[in-house]
Amino acid sequence: MAEDKPTRRYPQNLQGVLQLAVDAGSAAEGPDPVQPMSEERKIWLRGALAEVCKGQMDEVEQIKQCLDILRMEGMSERERAVEDEEEEDVREKAFEVMSELCENLDNARDLMTLGGLDLCISQYLCHAQSGLRWRAAQLIASCAQNMPEVQVHLFGLGALPKLLQLTDSDPHPTVRVKALYAVSCLIREQEEGLQAFLSHDGVSVLMRGMQSDIEKLRAKSAFLLLNLLTSHPEQKDTAVSMGMVQQLVSVLRTPHSSFHEHVLGALCCLVEDCPQGLKDCRDPALGLKELLRQRSKELQGKEESQEELDFWEHLRVICFQQSDDNGMDR
């Protein structure tokens with residue numbers, strides 16, 4: 001007869017399941033080497049997440065349970081070293097559930113109250129796994145958009161400089177794109193956010209983003225810059241003084257891309273009611289007039305490029321029409 005083994009009692013609800021997983025991690029403390037998550041623990045943790053995803057519980061309860069899953073991350077470096085892909089997948093799914101729930105403004109406020117945003121910033125924006133970093137940025141974006149209360153809370157947690165750093169230098173392209181999206185949601189319609197963005201040299205981050213080799217980052221950087229200059233025209237002089245006209249023209253000289261439309265829009269902003277911006281564009285050393293002629297010729301007759309062509313024409317009228325007319329008179 002096989003030797004009798006003690007019967008293990010399994011929890012009957014989700015909270016018990018999560019506690020079982022936490023206890024299993026805690027039991028590893030001590031001199032013995034840490035072992036990867038057992039199949040048994042994985043099965044129960046998958047069940048925990050499945051219960052959340054059914055959507056049968058109250059939305060606030062779903063958020064609480066997802067946070068319990070994410071807080072299992074509070075383990076030692078030794079334990080993190082054996083974290084496997086399945087554990088990472090469970091956490092990624094928890095982030096995805098919360099991002100969807102927090103499109104609802106009340107849920108975003110509840111997540112803030114429950115400490116979820118603090119957790120994102122303190123543990124997950126700097127996580128070793130890129131899939132968790134970008135999902136944390138995505139969740140921050142979902143909560144911050146059009147929510148001044150949440151935006152102010154995030155400023156207090158130091159979210160903006162961390163997101164700008166990820167945008168500027170994270171090795172994973174998706175993290176950089178999602179971090180910039182979070183930045184845009186954080187400073188949208190938020191004067192305090194704009195000032196913090198400027199004080200952390202956010203404009204330079206956007207310029208470097210437009211010069212990166214990541215297409216989505218280039219497009220989103222150009223669009224956010226255009227948005228800022230349009231909604232805050234008082235920042236034009238500051239931008240021009242930073243040499244932005246020259247930098248934007250340099251971007252336009254790169255191989256043609258659809259995001260150039262936003263770059264041109266920003267350049268048009270800098271020459272309207274901004275004498276120094278207009279002067280910079282007219283500087284013969286910049287060669288903008290010749291570039292304008294070349295690109296207008298290339299885009300002529302291409303329906304998909306009509307808006308960009310309109311921007312080029314607008315720029316020509318503002319900057320060079322007088323000299324063109326004088327040339328025709330001669």
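Tutor: Start with helix H13, residues 202-210. Of its 9 residues, 8 are buried, so H13 is largely enclosed by the rest of the structure. Keep in mind that this is a predicted model. The buried set consists of Gly-202, Val-203, Ser-204, Val-205, Leu-206, Met-207, Gly-209 and Met-210. Those residues pack against several helices: H10 (159-169), H11 (173-187), H12 (191-199), H14 (215-231), H16 and H17.

Take H14 from that group. The axes of H13 and H14 come within 7 Å and cross at roughly 140°. The two helices are therefore oblique to each other. An angle has to be over 145 degrees to count as roughly antiparallel. The H13 and H14 crossing is left-handed. On the H13 side, the contact uses Leu-206, Met-207, Gly-209 and Met-210. On the H14 side, the partners are Leu-217, Arg-218, Ser-221, Ala-222, Leu-224, Leu-225 and Leu-228. By class, the H13 contact with H14 comprises 8 nonpolar, 2 polar and 1 charged residues.

Now turn to H16 and H17. Both are among the helices that the buried residues of H13 pack against. H16 spans residues 244-252, and H17 spans residues 260-271. Their axes come within 10 Å and cross at roughly 155°. H16 and H17 are therefore roughly antiparallel to each other. The crossing of H16 past H17 is left-handed. From H16, the contact draws on Met-244, Val-245, Leu-248, Val-249, Val-251 and Leu-252. From H17, it draws on His-260, Val-263, Leu-264, Ala-266, Leu-267 and Leu-270. This H16 contact with H17 has 11 nonpolar residues, 1 polar residue and no charged ones.

Next, the charge pairs. Side chains of opposite charge can pair when their charged atoms come close. The structure holds 10 salt bridges. One of them joins Glu-96 and Arg-135, at 2.9 Å from N to O. This pair links distant parts of the chain, 39 residues apart. Glu-96 sits in helix H5 (residues 85-101), and Arg-135 in helix H8 (residues 130-144). Glu-96 is partly exposed, with a relative accessible area of 34%. Arg-135 is buried, at 12%.

Another salt bridge pairs Arg-109 with Glu-149, whose closest N and O atoms are 2.9 Å apart. It too links distant parts of the chain, here 40 residues apart. Arg-109 belongs to helix H6 (residues 105-113), Glu-149 to helix H9 (residues 148-156). Arg-109 is partly exposed at 30% relative accessible area. Glu-149 is also partly exposed, at 42%.

A further salt bridge stays within one helix. Glu-313 and Arg-316 meet through their side chains at 2.9 Å, N to O. They lie 3 residues apart in helix H20 (residues 306-329), so about one helical turn separates them. An α-helix has 3.6 residues a turn, so residues three or four places apart point the same way. Glu-313 is partly exposed, at 38% relative accessibility. Arg-316 is partly exposed, with a relative accessible area of 21%. Finally, salt bridges that share partners join Glu-92, Glu-96 and Arg-135 into one network.

Definitions and conventions
Residues are numbered from 1 along each chain as its sequence is written. This is a predicted model: local features need pLDDT of at least 70, side-chain atom pairs count only at pLDDT 80 or more; totals for chains, interfaces and linings use all residues. Side-chain values use heavy atoms; hydrogens and water are left out. Axes are lines fitted to C-alpha atoms, for helices over the stretch in contact, and angles run from 0 to 180 degrees between N-to-C directions. Helices (H or I, at least four residues) and strands (E, at least two) are DSSP runs, numbered from the N terminus. Angles under 35 degrees count as roughly parallel, over 145 as roughly antiparallel, 65 to 115 as roughly perpendicular and the rest as oblique. A crossing is left-handed if the near helix is turned anticlockwise from the far one by less than a right angle, and right-handed if clockwise. Contact means heavy atoms within 4.5 Å. Ala, Val, Leu, Ile, Met, Phe, Trp, Tyr, Cys and Pro count as nonpolar, Asp, Glu, Lys and Arg as charged, and the others, Gly among them, as polar. A salt bridge is a side-chain nitrogen of Lys or Arg within 4 Å of a carboxyl oxygen of Asp or Glu. Buried means under 20% relative accessible area, exposed over 50%, partly exposed in between (1.4 Å probe, protein chains only).
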